[in-house]
Amino acid sequence: MGDFNYDTYCGLYCGGCSIIKAYQTGIKDPLACCLGDELGMELKCHGCKTDTVFGNCAVCPIRNCAREKGVERCLDCSDFPCPNVESMQFLLEMLPHWKTAAVNQEYIKNQGAAQWLEQQAAQWKCPDCLTDYSWYAAQCSNCGKDLGALKPYRNSFDKRIFQLMAMPKPEELFEQETLFKLEGTDLVKSQNDFVYKSLEDSNLLFDLYYPPDRLPGQKLPAVVMVHGESPLPNLKDSKPFISLGRVIAASGLAAVSFNHRSMMQGFGMKDVIGDIESLLKFLADHADQYGLEPNQIGVWSFSAGAPFGLYAGIHNTPANIKCMVSYYGYCDFVSLCKLLNIPLDENALAQIEQISPVNLLNQNPDKIAPILIARGGNDPFPGILESQDQFIKTALTNNVRVDLYNHPNGTHAFDLFNDEPRTHEIIEQTLEFLKQHLWVI
Ligand SMILES: [Zn+2]
């Protein structure tokens with residue numbers, strides 16, 4: 001089998017690794033079972049600092065960065081702790097053995113690496129019979145001793161982490177069309193690149209999609225699509241929004257696709273809220289010019305755009321927003337900030353909790369327009385299902401008109417990736433919902 005090296009760049013100890021232990025002994029803990037048996041990955045590794053590493057570790061951004069910079073460990077790097085390390089924070093919740101990395105870095109800083117390796121070698125042995133054990137082993141494979149209490153973290157992990165890692169990259173997402181097809185989408189007319197807001201160095205733009213059979217001078221209700229977070233700019237020109245804009249228009253409504261600034265690009269929550277407000281105001285002020293019915297607006301938001309779309313529709317209950325749709329979205333700002341690693345002090349936390357859509361449901365609930373929530377039951381994003389479930393619960397407590405569509409197999413962006421009847425059914429019902437609430441003039 002050759003030599004093993006249990007030292008790492010990040011502070012995890014490879015000698016406790018589920019993969020290495022399964023490779024050496026054939027005994028798999030629950031993490032090794034998940035990776036090897038369920039996901040079919042090869043459980044072969046000699047340690048992070050060797051050239052024979054497990055697949056996921058070979059693409060680890062921390063490992064690759066340290067090797068490129070030629071540092072022995074993150075601690076030795078002048079940029080530590082850098083965004084690379086901090087962006088891994090959600091791993092702490094999903095793969096809690098990661099919590100040992102920070103503890104170990106601290107130990108190494110004080111006692112040195114050699115002593116740490118000795119201390120770890122002793123820690124990952126059963127205290128009764130000295131048999132090695134791994135991160136998620138609940139009992140000693142030899143004597144059956146309960147090992148859970150020996151670990152400084154929860155003794156289970158969240159499998160959705162591996163789905164999350166397998167999610168398509170932003171560039172791939174950009175090229176993916178909606179799976180729902182409707183007759184007449186190729187006849188839809190679009191008009192592009194209108195300015196709704198001028199910033200210091202750029203303009204924010206929107207596109208319009210009109211039904212093929214629109215009559216001259218006819219004013220149409222409009223569905224405004226709110227995109228989520230992406231490191232890529234110009235999401236209105238991405239295939240998901242172009243294709244969905246055409247579907248909405250083919251169903252008889254006007255569709256509006258627009259770019260807003262995003263937090264991943266370094267802008268603040270207020271900027272995003274402001275952009276959406278600006279667009280809605282612009283559409284209301286210029287409705288005649290664009291052939292829109294200013295008092296019949298629906299807001300359909302997606303993913304990390306959902307708390308913003310819901311906020312726009314619920315905050316101050318604007319009378320012209322007649323319905324809202326949230327697809328696989330966060331329904332509060334706190335979990336979104338957590339996902340994006342945006343640090344919040346106590347004040348900021350209290351403020352954004354207060355303006356989160358889930359809390360706005362408690363104010364004037366009888367004036368809130370109907371809401372449709374579509375939920376991908378297999379959505380791997382941290383905290384997203386919890387956020388939706390809390391929103392639904394609060395909506396029901398306040399007796400708000402809410403329609404829930406659960407997609408048991410649905411992943412994040414199920415309208416792009418889950419080609420199955422339930423996906424088509426949900427999109428079809430969503431279009432019905434929009435028509436029902438927007439065509440009543
Ligand atoms: Zn034992």
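**Exercise 1.** Find what covers the buried residues of helix H2.

*Solution.* Start with the cover: it includes helix H1 (18-25). Helices here are DSSP runs (H or I, at least four residues), numbered from the N terminus. A heads-up: you're looking at a predicted model, where local features need pLDDT of at least 70, side-chain atom pairs count only at pLDDT 80 or more, and totals for chains, interfaces and linings use all residues. Residues are numbered from 1 along each chain as its sequence is written.

Next, pick out the buried residues of H2 (residues 30-38): Leu31, Ala32 and Leu35. Buried means 20 or more other C-beta atoms, placed from the backbone, within 10 Å of a residue's own; exposed means 12 or fewer.

**Exercise 2.** Work out why the buried residues of H2 line one face of the helix.

*Solution.* Look down the axis of H2: its buried residues fall within an arc of 95°, so they line one face. (The arc is that of the directions from the helix axis to the C-beta atoms.) In general, an α-helix has 3.6 residues a turn, so residues three or four places apart point the same way.

**Exercise 3.** Describe how H7 and H8 pack.

*Solution.* First, the geometry: H7 (residues 99-111) and H8 (residues 113-123) pack at about 130°, with axes 7 Å apart. Axes are lines fitted to C-alpha atoms over the stretch in contact, and angles run from 0 to 180 degrees between N-to-C directions.

Note on methods. Helix = DSSP H or I, 4+ residues; strand = E, 2+ residues; numbered from the N terminus. Contact = placed C-beta atoms within 7 Å.
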